[in-house]
Structures are given as C-alpha cells and as structure tokens.
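Take a moment with the sequence and the 3D view, and keep asking what lies behind each term.

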Amino acid sequence: MITIDRVSKTKGRTQILYDVSFEARPGRVTGFLGPNGAGKTSTLRILLGLDRSQSGTALICGRPYPKLDRPLTTVGALLDGSGAHRARTARAHLRWVAASNGLPDSRADEVLEVVGLTGHARKRAGRFSLGMSRRLGLATALLGDPEVLVLDEPVNGLDPAGIRWMREFLRDSAAQGRTVLLSSHLMGELAEIADDVIVIDKGRIVIHGDLAEVTGDHRTLEDAFLALTATEAGGPW
Amino acid sequence: MVSLVRAELRKLLGLPTAWVGLVLGTLLAPVVVLLNAPYTRRAIAAGTLTDTSDLGLRDLGIGLIGPMVLGVIVVSSEYTSTGKDAPGARQLTATLTAVPDRLRLLAAKTTALVLVVAAQASVTAVVTLTLTQVLHGEHVPAPALTRVAAAVLYWTLTALLAYAIALITRNGIVPLTLLIINSSVVSVSYLLTKVTDLAAYLPDIVGARMFIRGADFPVAIAPVTAGLVMTAWVVALLAVGAVLFQRRDV
C-alpha cells in the first residue's frame with residue numbers, strides 16, 4: 001500500500017509539485033501517467049526518500065521510506081539506469097546490495113535468473129545494453145522479494161519481447177497481491193496493464209480512478225489523457 | 001550495522017580504482033626506500049645526513065596517494081554516471097534505496113574506509129621501516145612503536161580528509177587533483193608555512209608532526225597536539241560533509 005498525501009515540492013524557485021495525493025493498492029497495477037516533466041519522477045523520488053518534499057507525506061505500508069528496516073524486503077524500486085557502477089559485474093553489484101539488507105549472496109543469482117541475465121552475471125554493468133541495464137535494475141529491485149514495486153518508466157529501452165515480458169511480470173506480481181506502481185508517458189502501454197490510473201500534469205494530479213473511470217467517454221486512454229492534459233496536436237513538438 | 005559495513009567493504013574493494021590506490025599506496029614508499037638506498041648510504045658515509053631518526057618514516061609520505069585515492073573514490077564512485085543511456089543515473093540511487101538512513105550509511109562508509117586504510121598503512125609502515133632497518137640498520141635507530149602508530153593514524157586521517165572533501169564537492173576530480181598536487185608537485189601548504197606560521201596548522205602539515213621529528217619547521221608542535229589538530233580538521237570537514245549529504249536531494 002502506497003499513500004501519498006498533499007506532497008508539494010519546490011526546486012529552486014519553481015514549484016514542481018502541488019498537493020499531490022493518491023494511493024496505490026495491493027493486488028493492483030497503478031499507472032502513473034503524465035507528459036515528460038509533469039512531476040512523475042519527482043513524486044517517486046520523494047516516495048523513496050531520495051528527494052525531500054516541502055510539505056505532505058509519502059508512506060509505504062504506513063511508514064516513510066527512510067523509516068523502513070531493511071527496506072528492500074518491503075519495497076523494490078527501479079529508477080533511471082541500473083544503479084550499478086560501470087566497473088562492477090552484475091553479480092558483484094547485486095551481492096553488495098543484498099549484503100546491505102542482510103540478504104544472502106545466493107539471492108543475486110536467483111534474481112539474475114528471474115530477469116534472464118544468468119549468462120551475463122560476470123559482465124561489467126558498463127558494457128550492458130539499455131535493455132540489459134533495465135533488467136539488472138529490476139533484478140536489484142527484486143532482491144528482497146518485496147511486497148511493493150515502484151518503477152519509473154520500466155519499459156523504456158526494452159525491445160518488444162522485453163516489453164511483453166515486463167507487462168506479464170508486473171501483472172503476475174499484482175495477481176500475487178503485490179502493490180505495483182509504475183510511471184509512464186506511454187498511454188497505450190499503460191492501458192494494457194494498469195488497473196488504476198493517476199494522471200499528473202504540470203505538478204498537479206488531474207484525475208485518479210480505475211482505468212474505465214479515467215478513460216470515461218473518450219475512445220482510448222490516450223484520447224482521455226490528451227484531453228485532460230490539454231496538449232494540442234502539434235503543440236509542444 | 002555489521003552488514004552495512006560488510007556491504008561498503010565489498011563496494012569499495014570491488015572497484016578497480018580502489019586497487020590502484022591500494023597497490024600504488026602500498027608499494028611506492030618501499031620502492032622509494034630501495035631506489036634511494038645507494039644515495040642514502042653515501043650521504044650517511046659522507047656525514048651530510050646526520051639526523052637519521054626520520055629515515056623510513058619520512059619516506060612514507062609518497063604512499064599517501066593511496067589513502068587519498070581510496071578516500072575520494074568511496075564517495076565519487078557513488079556520483080559517477082552509470083552509463084551513457086542514462087547520464088543522470090548514479091550508484092547513489094541504489095545505495096540510498098538500499099540504505100535510506102543517510103547518517104547510518106555514512107557511518108558504515110567511514111568505518112569501511114578506516115578499516116581498509118588502517119590495514120594498508122600498517123602493512124606499508126612495517127614493510128618500509130623493516131626495509132630501512134635491513135638497508136641502513138647500523139645507522140638508523142628502530143623507530144618507537146608510538147611513532148609507527150602515529151604514521152598509521154596520519155594515513156587514516158588523510159584518507160578521511162579526502163573523503164570529507166569529496167562528500168562536500170560530490171566529485172572525485174577536484175579533491176584528488178588538489179590533494180595529489182599539494183602532496184607531490186607543489187605543496188601549497190608547505191609554501192604557505194614560509195609566509196605565515198599559522199600554515200603550520202594546516203591538516204597535512206600539522207599531521208606529519210605526529211611522527212616526523214625533523215627540525216626544518218617554523219613552529220614547535222608536540223606530537224599529541226599535532227594529532228588533535230589534524231583530527232579536529234577532519235571532524236569539522238566531515239561534519240560539514242555529513243550535514244550536506246543529509247540535506248541534499250540525490
């Protein structure tokens with residue numbers, strides 16, 4: 001369970017989040033949708049204790065992330081990149097992360113197998129392709145077998161087979177009762193897997209509900225999204 | 001906390017650059033003693049080198065590049081971009097999601113660094129001083145154990161100094177360039193001692209007074225005072241680094 005309550009954030013002189021509130025519930029895939037720069041990543045980074053908000057609370061299972069004991073056993077997070085230093089092998093990276101949360105070394109090889117990187121365990125992270133980096137990032141997130149998954153643009157850089165794999169993996173995770181929160185700017189992708197959808201634009205939540213509610217009278221989630229975020233065709237690009 | 005320190009030790013020792021620091025730092029001083037041996041022998045025989053009590057201990061200085069590299073990369077490796085696909089992505093994200101309590105994380109990092117550098121310094125000091133004894137034994141008194149311990153402490157504090165500066169600058173190039181140039185090419189700190197006696201209290205200068213006895217020094221500072229002054233520098237810079245690290249967005 002993820003509860004974000006009236007989170008506001010200012011960077012320099014610009015306010016980038018305005019009273020952002022939403023929930024992500026167990027057993028459901030919650031899609032966090034918004035154009036680039038809308039505040040998705042900032043919200044997730046505040047949720048994970050990486051950035052600080054000026055006001056509001058962001059809780060995971062009722063506690064702020066920094067108060068979680070051995071947090072990887074509760075939350076798995078996938079942000080930009082793999083998080084592995086370029087000079088480290090995939091296995092060495094996973095082993096130090098495991099050690100920091102009191103998890104056994106054997107978990108490293110287990111999660112490498114889950115994400116299909118067993119054959120690359122001894123390869124340095126700096127030599128990974130974008131898709132492999134995402135998989136290594138996901139493997140890191142899965143080390144503690146967490147009940148909550150927080151993923152920032154998880155399908156970025158994946159090939160079609162990887163995208164399908166990720167989709168099935170996230171659906172299965174939710175079916176097993178996990179809370180899955182993922183951000184994306186890809187409407188079509190999100191419509192395929194999300195049970196609930198939150199739309200953010202210019203730092204404000206514009207709508208929050210299940211997929212059918214958010215789509216409403218629009219033909220697709222994409223139409224609804226474009227109407228809600230008032231992006232004109234041919235506008236920003 | 002033990003598992004955190006173990007994780008930080010693994011992280012540090014898993015970096016190729018750390019091994020450059022370990023190998024260079026450990027080998028440089030003994031190699032210099034070996035290379036200088038003929039010159040030192042001649043100087044002693046000619047009577048131009050009369051005060052031999054610092055011999056060996058003084059040679060340890062060149063190896064300080066090791067603790068400097070180690071201290072800096074403990075921090076800078078967290079801030080290095082993890083790849084061209086995601087230029088903003090850094091290991092620090094993985095580190096802080098695994099260990100979100102930043103002060104505990106710093107405590108673990110500091111402990112890991114101290115363990116590695118103290119071990120390196122002990123090995124280097126023993127090897128360098130033994131080598132000095134073997135080569136020039138009849139002319140050089142065996143140094144007191146407290147002086148050897150002080151040299152190990154100096155190395156450890158130097159690593160912590162580099163580490164604290166890197167915490168403040170969040171990058172490896174600036175502190176490493178400054179420290180290495182200052183300790184090898186042009187010692188700005190040493191030049192400053194020619195301008196003002198106060199410069200004798202700069203951390204790198206004062207720290208060496210813990211175990212070097214040589215007389216070419218403007219102010220008399222007792223070894224214990226020297227140790228306390230250098231420790232105060234390190235504690236102050238670490239405190240600044242820790243506050244910044246605690247407050248900054250990643």
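What follows is a set of questions and answers about the terms used for this structure.

Q: What should I know about the model and its numbering before starting?
A: This is a predicted model, in which local features need pLDDT of at least 70 and side-chain atom pairs count only at pLDDT 80 or more, while totals for chains, interfaces and linings use all residues. Residues are numbered from 1 along each chain as its sequence is written, chains are lettered from A and ligands numbered from 1 in the order in which they are written, and side-chain values use heavy atoms, with hydrogens and water left out.

Q: Why is A:Leu103 called buried?
A: Buried means under 20% relative accessible area, exposed means over 50%, and partly exposed is in between (1.4 Å probe, protein chains only). A:Leu103 has 11% relative accessibility, so it counts as buried. This residue sits in the loop between α2 and α3 of chain A.

Q: Which residues does A:Leu103 touch, beyond those up to four places away in sequence?
A: Contact means heavy atoms within 4.5 Å. A:Leu103 touches A:Arg70, A:Thr73, A:Ala98, A:Leu143 and A:Gly144.

Q: Why is B:Arg41 called partly exposed?
A: Its relative accessible area is 45%, so B:Arg41 falls in the partly exposed range. B:Arg41 belongs to helix α2 (residues 16-46) of chain B. Leaving aside neighbours within four places in sequence, B:Arg41 is in contact with B:Leu135 and B:His136.

Q: What makes α4(A) mostly covered?
A: The count does: 11 of the 13 residues of α4(A) are buried. Among them are A:Gly131, A:Met132 and A:Leu136. The buried residues of this helix pack against β6 (75-78), α2 (90-100), α3 (106-114), β7 (148-152) and α5 (160-175) of chain A.

Q: How do you know that α2(A) is mostly covered?
A: Eight of the 11 residues of α2(A) are buried, including A:His93 and A:Trp96. Their packing partners are α3 and α4 of chain A together with α1 and α4 (91-98) of chain B.

Q: Why are α4(A) and α5(A) called roughly parallel?
A: Axes are lines fitted to C-alpha atoms, for helices over the stretch in contact, and angles run from 0 to 180 degrees between N-to-C directions. Angles under 35 degrees count as roughly parallel, over 145 as roughly antiparallel, 65 to 115 as roughly perpendicular and the rest as oblique. α4(A) and α5(A) pack at about 15°, with their axes 13 Å apart. The two helices are therefore roughly parallel to each other. In this pair, A:Arg135, A:Leu138 and A:Leu142 of α4(A) meet A:Gly162, A:Trp165, A:Met166 and A:Phe169 of α5(A).

Q: What makes α1(B) oblique to α5(B)?
A: Helix α1 (residues 2-13) and helix α5 (residues 102-136) of chain B pack at an angle of about 60°, with their axes 8 Å apart. That angle makes α1(B) oblique to α5(B). The contact includes B:Leu4 and B:Leu9 of α1(B) and B:Leu105 and B:Ala108 of α5(B).

Q: What makes β1(A) and β2(A) a pair?
A: Two strands pair if DSSP finds at least two bridges between them. β1 (residues 2-11) and β2 of chain A are joined in the antiparallel sense over seven bridges. As one example, A:Lys9 has A:Leu17 in β2(A) as its bridge partner.

Q: Why do β2(A) and β5(A) stand at the edges?
A: Four strands of chain A form an open, antiparallel sheet in the order β2-β1-β4-β5. β2 (14-24) and β5 (63-64) each have a single partner strand, so one side of each is left without a neighbour in the sheet. For β5(A), that pairing is with β4(A), through two antiparallel bridges.
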